[in-house]
Amino acid sequence: MGVFLLALSIAVQLVAALLAIRQGRRSKAGLGWWLLAAAMLIMAVNRTIDLVIYRQSPFHPSLEVSANIAMLAVSALLLVGIAHIGPLLDQLREAAERRTEEERRLRGVVEAMPVMIHAHGVMGEIVYWNKECERVTGYSAQEMLRSSGVKDMLCRGKGWLPDNGKFVDFPWTEYREVEQEFRAKDGTLRNVLLMNVSKEAPMPGWAWWVTGIDITDRRKTERRLAEREENYRKLFDSALDAIVIMDTQDSTVVDANPAALALFGYTREEMLGLSALTLTASPKRAQESFDELMAKGILPLTRARQRRKDGSTFHSEISAASFESFGRKLVCVFFRDVSGEVATKLRLENAVRQARRSNRVKSEFLANMSHEIRTPIAGVIGTAKMALASERRGNQAEQLRRIENAARSLLSIVNDILDMSKIEAKGLEFRAKDFSPEGVVCACVEEFTALAQAKGLDLAAYVEPDVPACLRGDPDRLLQVLRNLVGNSLKFTERGHITISVRQPEKVEAGLLYFSVKDTGIGIPKNRQKDLFKPFSQLDTTYAKRHQGTGLGLSISRRLVERMGGDIWVESERGQGSEFCFTARFEAAGGEFCPWQPEPPEVVEVPPLRILLAEDEQLNREFVTFFLSGEGHTVTTATNGCEALDLLERQDFDVVLMDVQMPELDGLEATRRIRSLEKPDKAHVPIIALTAYAMKEDRERVMAAGMDDYLSKPLDMDELRRSLARILAERKKLET
């Protein structure tokens, strides 16, 4: 029994030693466990020695049962204690490590937070000062820890804490979001929003602690925004245009500047909350504009009628744009009162309409005057030609020539008036063609040579060698200007000479020519020269004047020269003669030689024709019948359009000469009926208009009625022959 107990205690001691060794390896306090393991091993060795001695001497006192039982109990208790205390100590150690790690992580989070956190001890000293506090204040943790802080930097002086910073007798109340302004270490003023002060400190050693955020930049931004808003408000209030801001949700006014209040007649209190439709006189159009604004985000400049508080309306220019503000979608509308402008525009439009009406009346008057004057002139000229074509004695023939010349002078006056009217209406045509400047000048000299010789004057022309041989422009209009200037010089020159010259300016410009008509006439006073080129202006306006004329020649010349890209002026002195100068611009032509004559006479042969003449004036019927019959044509006459239609139904004609203005049925309507009754199996009957109307629109009107050509009265037989020849040539082409 004694040996068994001894052996069992040795085993228990060895197991306890092993458990102590294992715990020593796992625990940070390993030395204590190692010492305990050594003690257990010593006891096991001692008991082993006792066991050896017992076997040699069974009467050894250590083998007493009571002693072995006690030793076994002690060993067992040690074994149980080691087995239970070890895990318990491990748990305590792990809990301490976790807490230490959590504290480390918490400090890391606190240090990394953009929030100022500083804590104080019981006596008010600073025990914690995070990095955000260092950044904002400029003071490091080393400078602040264990100190009471810098005066007026933390919470003091604002009703938070007493000056000494101690929490004794401090009225503990939760203070939140109180702004503190203090001066940092570098002397700058900083703003901090202290959000919380509490005595419930989360860390040991903290009696109370404060959190806050740096709002210095926010305050600067707010101040800038406040300044900007103030500036915008000043601009808004001082704007000359009316500005109204509306809410798109309910279409009500949320703001309006003083100009808008004055424009619409509301007070500010009345304007705010007012429906936008109240301000418009056209709700439907306003809704369309609003839909366009919502679709595009902007409304281009437009015009509409608006309504004031008193019910009166006005015209305004409107532009608008949508924008968002604090989650609300708003519309900014600009109004500008343009009632005065609209009224002015209406007055101008009325004036333009009246001017056009007056111009139309004038044109109609000129056309009627042309017809009424040309008709008797045509009769006079025709009668004179018929008389001259008959056998007359010398005195009678001379008198008839004078009648014809007087009639042609009257016709020239009418043509001048019509030309002036066409120029003012911009209806005078320019037809570009290749021409020789020298040829135009020579044509003008040939035209006036006989008249100059009759007055005993020398008429000469000189074209400098550097003038291009060929240019492109309207030679007829150029010749018309030269005719007016040379004719004017012949009127006012009694002796001496008239010289026409052409050269290029000293500063050579492509296509620009310089023309001069110089005479040795009476000259022009300086004070009268500025009026020469005005319409109806004449040098001699006395009752005893020697020279006749309308005073339109120089005015027409000025307009023609301007249309040719040039200028005209005069250089003259009384009694020293005059020199009329003008420039004209032409284009370069393809060839170098341009043979040109003004309206070259054509000798045409027209075979005998069956001609229907519809003319209500007896003198014109007799004149045309006389010459056409003399050339072998068969002429049948009608006095109005109805007679012409009856004759065309009963017999065939090769050509119809149709007067435009006739009683019962005029020539235009008669022509339309003839064209509507034409049959495909019958040949087209050519119709030539004969009219005393000479405006451009008159030709367009007769051609639109279906006529084939247009001749103005008084009728020139050469022109009639050429027209007949052209019509016959065209009909021959169609037949082949």
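A patch here joins like charges within 9 Å, using residues with over 30% relative accessible area and no salt bridge, a salt bridge being a side-chain nitrogen of Lys or Arg within 4 Å of a carboxyl oxygen of Asp or Glu. Lys and Arg count as positive, Asp and Glu as negative, and each charge is placed at NZ of Lys, CZ of Arg, CG of Asp or CD of Glu. The model is predicted: local features need pLDDT of at least 70 and side-chain atom pairs pLDDT 80 or more, while totals for chains use all residues. Residues are numbered from 1 along the chain, and side-chain values use heavy atoms, without hydrogens and water.

**Negative patch**
- Glu 643, Asp 646, Glu 649 and Glu 664 form a negative surface patch.
- Glu 664 sits in the loop between strand β21 (655-659) and helix α18 (667-677).
- With a relative accessible area of 71%, Glu 664 is exposed (over 50%; buried is under 20%, partly exposed in between; 1.4 Å probe, protein chains only).

**Positive patch**
- Lys 220, Arg 223, Arg 224 and Arg 228 make up a positive surface patch.
- Arg 223 belongs to helix α6 (residues 216-238).
- Arg 223 is partly exposed, at 45% relative accessibility.

**Whole chain**
- The chain has 20 helices and 23 strands, taken as DSSP runs (H or I, at least four residues; E, at least two) numbered from the N terminus.
- Of the 736 residues, 41% are buried.
- The chain exposes about 41,800 Å² (Shrake-Rupley method, 1.4 Å probe), with carbon and sulfur atoms supplying 55% of it.

Notes:
Patches are made of residues with over 30% relative accessible area and no salt bridge: like charges are joined within 9 Å, nonpolar side chains (Val, Leu, Ile, Met, Phe, Trp, Tyr) within 5 Å.
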